[in-house]
Amino acid sequence: IKLYLDIVDAQGNVISDIPKDMFFLSEKVNGQDNFIKASIETASQLNEKEALNINLVADTSGSMYGGKLTAAQDIMSDFINSVQFSAGDSVRLTAFESEIYAKTDFLSSAQQLNSVIYSLEAGGGTRLYDTLMRAVQDTNVRDGAKCVIAFTDGMDGESVNSPEQVVNAAKFYGIPIYIVRIGSDLWPEEEQALRLIAEGSGGIFYTSDSFNQHVADIYSQIYRDIKQYYVVEYTT
């Protein structure tokens with residue numbers, strides 16, 4: 001079993017270089033009151049030891065038609081070009097409108113991903129929250145560090161899941177969701193829902209302008225934040 005742990009001090013600073021013998025873990029057996037101490041095999045920070053898996057979620061609903069989709073495509077492409085594929089990182093592209101589409105598997109090719117990004121077309125309704133839920137579940141099966149980054153104008157109209165349910169799932173699986181808002185024509189409650197999902201899951205909410213101006217720095221920050229997690233391995 002691998003546990004991914006975000007360990008910080010009272011001020012929120014990451015605690016580095018915690019040795020293996022500082023970790024203790026016990027399991028409770030079903031139907032019994034006693035806990036059994038588990039033998040921890042390894043405990044270390046992710047850093048360069050495991051790859052970063054990113055699920056890029058692209059809003060292709062009708063409200064993204066025209067300039068919004070073009071802006072999203074350019075920002076996603078810039079982000080793709082900053083990913084450290086040579087270090088083993090991989091990116092999957094998920095698109096949605098009234099339906100959810102796995103446009104690619106997890107790939108380590110900027111050329112392939114950019115080709116798919118610029119083939120996206122806008123039309124249909126919006127299932128943003130359902131798509132974020134699916135992206136979290138799809139990304140969870142990957143080994144290593146993981147996150148979801150969504151590019152959307154935030155106008156959900158057809159989802160079964162709520163923002164709170166998305167946050168609960170993301171926290172359960174330990175997968176932060178970063179959201180980039182495209183455009184500025186949201187109702188206050190719609191932007192509040194986006195901020196709730198991003199901040200509640202451990203991610204960050206960005207406007208497209210702030211993301212686009214600092215895309216390389218933002219990737220570095222996401223990469224650094226997630227790769228500071230500890231991975232603790234033990235046999236159940």
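**Exercise 1. Helix 4 and helix 5**

At what angle do helix 4 and helix 5 pack, and how far apart are their axes? Determine also their relative orientation and the make-up of the contact in this predicted model.

*Solution.* Step 1: helix 4 covers residues 163-173 and helix 5 covers residues 188-200; they pack at an angle of about 10°, with axes 9 Å apart. Step 2: angles under 35 degrees count as roughly parallel, and helix 4 is therefore roughly parallel to helix 5. Step 3: helix 4 contributes P163, E164, V166, V167 and K171 to the contact, while helix 5 contributes A193, L196, I197 and G200. Step 4: by class, the residues of this contact of helix 4 with helix 5 divide into 6 nonpolar, 1 polar and 2 charged.

**Exercise 2. Helix 1 and helix 2**

Classify the packing of helix 1 (residues 67-80) against helix 2 (residues 110-117), and describe the residues that form it.

*Solution.* Step 1: the packing angle is about 175°, and the axes are 10 Å apart. Step 2: an angle over 145 degrees counts as roughly antiparallel, so helix 1 and helix 2 are roughly antiparallel to each other. Step 3: the contact involves Q73, M76, S77 and I80 from helix 1, together with A110, L113, N114 and I117 from helix 2. Step 4: the residues of the contact of helix 1 with helix 2 comprise 5 nonpolar, 3 polar and no charged.

**Exercise 3. Aromatic pairs**

How many aromatic pairs does the structure hold? Characterise each by its geometry and by the accessibility of its members.

*Solution.* Step 1: there are 2 aromatic pairs in the structure. Step 2: the ring centres of F23 and Y230 lie 5.8 Å apart with the planes at 50°, so this pair is tilted. Step 3: the pair links distant parts of the chain, 207 residues apart, with F23 in the loop between strand 1 (2-5) and strand 2 (26-28) and Y230 in strand 11 (residues 230-234). Both F23 and Y230 are buried. Step 4: F172 and Y173 form an edge-to-face pair, with 5.1 Å from centre to centre and 80° between the planes. Step 5: F172 has a relative accessible area of 67% and is therefore exposed, whereas Y173, at 32%, is partly exposed.

**Exercise 4. R224 and Q228**

*Solution.* Step 3: R224 and T236 are 12 residues apart in sequence, with their C-alpha atoms 30 Å apart. Step 4: Q228 and D74 are 154 residues apart along the chain, and 29 Å separates their C-alpha atoms. Step 5: not counting residues up to four places away in sequence, Q228 touches V14 and Q45.

Definitions and conventions. Residues numbered from 1 in each chain as written. Predicted model: local features only at pLDDT ≥ 70, side-chain atom pairs only at ≥ 80, totals over all residues. Heavy atoms only, no water. Axes fitted to C-alpha atoms, helices over the stretch in contact; angles between N-to-C directions. Helix = DSSP H or I, 4+ residues; strand = E, 2+ residues; numbered from the N terminus. Parallel < 35°, antiparallel > 145°, perpendicular 65-115°, else oblique. Contact = heavy atoms within 4.5 Å. Nonpolar A, V, L, I, M, F, W, Y, C, P; charged D, E, K, R; others polar. Phe/Tyr/Trp six-rings, centres within 6.5 Å; stacked < 30°, edge-to-face > 60°. Buried < 20%, exposed > 50% of the residue type's maximum accessible area, 1.4 Å probe, protein only.
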